[in-house]
Amino acid sequence: MQFARINDVTIHYQIIGGPADKPVLVFANSLGTDFRIWRDVIVRLAGDLAIVLYDKRGHGLSDLGQMPYSIEDHATDLAGLLDFLSVKNAIVCGLSVGGLIAQSLYQRRPDLVRALILCDTAAKIGMADSWNARIAQVEAEGIESIVDSIMERWFTPAFRRPENIAYAGYCNMLIRQPVAGYVATCAALRDADLTEAAAKIAVPTICIVGDQDGSTPPELVLSTAKLIPNARYEVIKDAGHIPCVEQPEALTEVIRAFVEVVLRGEQA
């Protein structure tokens with residue numbers, strides 16, 4: 001395990017080496033998860049590109065940090081980690097809140113971002129009332145009280161079969177996140193609106209969504225793609241909010257094809 005002290009927060013990360021002449025691929029994960037959600041994508045990409053994964057503050061093995069949080073705080077953490085690792089011009093792949101972090105990172109530190117892969121995310125996610133209701137429920141009753149409703153958004157019915165052992169594991173992942181970190185990141189999501197910033201994104205971007213995503217539905221992700229100049233848009237079949245878990249092969253193919261487009265564009 002690898003750790004770095006970034007902005008007075010201990011951040012858990014992993015770096016996997018790759019060819020020096022290709023870009024680094026950075027993964028930022030979703031609310032209520034840690035970077036293990038990317039495993040089945042990483043095993044398919046390892047060796048082709050250098051890879052950085054990390055647990056954002058308040059999640060996984062990273063510190064809670066000082067609260068409240070903002071999306072900008074999360075982006076500043078990622079910027080600090082990439083500076084610590086001497087990574088610039090990375091392709092940043094963010095899922096859900098990770099996608100907002102990726103957008104904010106580009107806004108604040110464009111020197112760190114060569115291209116964006118925005119998975120199951122948007123320029124603005126959800127409304128204040130729904131976030132406030134979730135925060136109140138988790139504070140009063142714990143994360144366990146929302147597991148069923150969250151899993152319906154994260155995964156398709158086919159994945160949520162009782163006999164699917166992996167499904168039970170992802171329920172455990174959600175339940176075992178720190179309540180304080182989860183709630184603080186919910187508030188950061190509630191307060192984030194990068195709609196105006198999306199129109200100013202000037203690097204190659206692809207927006208990807210599972211066709212059965214219950215958190216950021218395809219129409220929401222498409223609306224964000226339309227805000228970003230020349231953004232591509234791709235739908236992953238038979239996937240909910242976390243296609244890197246349900247359909248890692250399909251997602252990896254989309255990521256690999258997009259990286260090739262980015263590289264061809266630079267070589268043209």
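Asp111 is partly exposed, because its relative accessible area is 31% and the label covers values between buried, under 20%, and exposed, over 50%, as found with a 1.4 Å probe and protein chains only. The side chain of Asp111 meets that of Lys88 in a salt bridge, at 3.2 Å from N to O. This pair links distant parts of the chain, since Asp111 is in the loop between helix 3 and strand 6 (113-119) while Lys88 is in the loop between helix 2 and strand 5 (90-95), 23 residues apart. A salt bridge here is a side-chain nitrogen of Lys or Arg within 4 Å of a carboxyl oxygen of Asp or Glu, and helices (H or I, at least four residues) and strands (E, at least two) are DSSP runs numbered from the N terminus.

The model is predicted, so local features need pLDDT of at least 70 and side-chain atom pairs count only at pLDDT 80 or more, whereas totals for chains, interfaces and linings use all residues. Residues are numbered from 1 along each chain as its sequence is written, and side-chain values use heavy atoms, with hydrogens and water left out.

**Salt bridges**

The structure holds 11 salt bridges, and Asp83, Lys88, Arg109 and Asp111 are linked in a network of them.

| Pair | N to O distance |
|---|---|
| Asp111 and Lys88 | 3.2 Å |
| Arg256 and Asp48 | 3.1 Å |
| Glu163 and Arg161 | 3.1 Å |

The side chains of Arg256 and Asp48 meet in a salt bridge. That pair also links distant parts of the chain, with Arg256 in helix 11 (residues 248-267) and Asp48 in the loop between helix 1 (39-45) and strand 4 (50-54), 208 residues apart. Arg256 is partly exposed, at a relative accessible area of 32%, and Asp48 is partly exposed at 32% relative accessibility. In the pair of Glu163 and Arg161, Glu163 counts as exposed because its relative accessible area is 55%, whereas Arg161, at 40%, is partly exposed.

**Buried parts**

The largest nonpolar core has 101 residues, and those with the most contacts inside it are Phe27, Trp38, Ile117 and Ile255; such a core is a set of buried Ala, Val, Leu, Ile, Met, Phe, Trp, Tyr and Cys residues joined through side-chain atoms within 4.5 Å. When residues up to four places away in sequence are not counted, Ile117 touches, among others, Leu25, Ile91, Ile206, Ile255 and Phe258, where contact means heavy atoms within 4.5 Å.

Phe258 is also one of the contacts of Thr205, as are Leu116 and Leu118, with neighbours within four places in sequence left aside. Thr205 is in strand 7 (residues 205-210) and is buried, because its relative accessible area is 2%. The C-alpha atoms of Thr205 and Val259 are separated by 10 Å, although these residues are 54 places apart along the chain.

Ser96, in the loop between strand 5 and helix 3, is buried as well, since its relative accessibility is 8%. Its contacts, beyond neighbours within four places in sequence, include Ser30, Cys119, Asp120 and His241.

**Helix 7**

The buried residues of helix 7 include Gly181, Tyr182, Val183 and Leu189, and what covers the buried residues of this helix includes helix 2 (71-84), helix 3 (97-108) and helix 6 (165-175).
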